[in-house]
Amino acid sequence: AENHFVLVWATPGRPAAGAGDGCLYATPLDDSGAPAGASVRVDPAEPFDGRPIEHVRVTHDGYSAFVLWRRGIDLFVARIDAGP
């Protein structure tokens, strides 16, 4: 049976101009924990405003991964399809 492991990670963003925005990424993992494919950006880049990406949760239904997170008072959810 194929396992569905995923590592979800964030880049925090920085206040300096051109230093990068905060983004959330997901990387699929194989049974040994090694990357099993390319990382994908889960959310669009957000300009740094001091609100961190936090309370990240991941679940799956066998076909798709669902990522939930909070940024300030805003709540988000994204679905990542496993493919055909």
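This is a predicted model: local features need pLDDT of at least 70, side-chain atom pairs count only at pLDDT 80 or more; totals for chains, interfaces and linings use all residues.
S1 and S2 belong to an open sheet of three strands, ordered S1-S2-S3 and paired antiparallel. A further open sheet of three strands has the order S4-S5-S6, again with antiparallel pairing. The largest nonpolar core has eight residues, and the aromatic pairs number two.

**Sheet S1-S2-S3**

- The strand order is S1-S2-S3, and the pairing is antiparallel.
- Strand S1 (5-11) and strand S3 (40-41) are at the edges with a single partner strand each, so one side of each has no neighbour in the sheet.
- S1 and strand S2 (residues 23-29) run antiparallel and are joined by seven bridges.

**Sheet S4-S5-S6**

- In the open sheet S4-S5-S6, strand S4 (53-60) and strand S6 (74-81) are the edge strands, each pairing on one side only.
- On average, neighbouring strands of this sheet are turned by 15 degrees against each other, direction ignored.
- Eight bridges link strand S5 (residues 64-71) to S6 in the antiparallel sense.
- Ala65 has Ile80 in S6 as its bridge partner.

**Nonpolar core**

- Val8, Leu24, Ala26, Val42, Ile53, Val67, Trp69 and Ala78 make up the largest nonpolar core.
- At least two residues of this core come from S2, and at least two from S5.
- Ile53, a member of the core, is in contact with Ala10, Thr11, Gly22, Cys23, Leu24, Asp43, Trp69, Arg70 and Arg71, leaving aside its neighbours within four places in sequence.
- Two of these contacts, Leu24 and Trp69, are themselves listed in the core.
- In soluble globular proteins, nonpolar side chains tend to be buried together.

**Aromatic pairs**

- The count of aromatic pairs is two.
- Trp9 and Tyr25 form a stacked pair, at 4.6 Å centre to centre and with 20 degrees between the planes.
- Trp9 lies in strand S1 and Tyr25 in strand S2, so this pair ties together parts that are 16 residues apart in sequence.
- Trp9 counts as partly exposed because its relative accessibility is 33%, whereas Tyr25 is buried because its relative accessible area is 19%, under the 20% cut-off.
- Trp69 and Phe76 also form a stacked aromatic pair, at 5.4 Å centre to centre and with 15 degrees between the planes.
- Trp69, also a residue of the core, counts as buried at 6% relative accessibility.
- Phe76 has a relative accessibility of 32% and therefore counts as partly exposed.

Conventions. Residues are numbered from 1 along each chain as its sequence is written. Side-chain values use heavy atoms; hydrogens and water are left out. Two strands pair if DSSP finds at least two bridges between them. Helices (H or I, at least four residues) and strands (E, at least two) are DSSP runs, numbered from the N terminus. Axes are lines fitted to C-alpha atoms, for helices over the stretch in contact, and angles run from 0 to 180 degrees between N-to-C directions. A nonpolar core is a set of buried Ala, Val, Leu, Ile, Met, Phe, Trp, Tyr and Cys residues joined through side-chain atoms within 4.5 Å. Buried means under 20% relative accessible area, exposed over 50%, partly exposed in between (1.4 Å probe, protein chains only). Contact means heavy atoms within 4.5 Å. Rings of Phe, Tyr and Trp (its six-membered ring) pair if their centres lie within 6.5 Å; planes under 30 degrees apart count as stacked, over 60 as edge-to-face and the rest as tilted.
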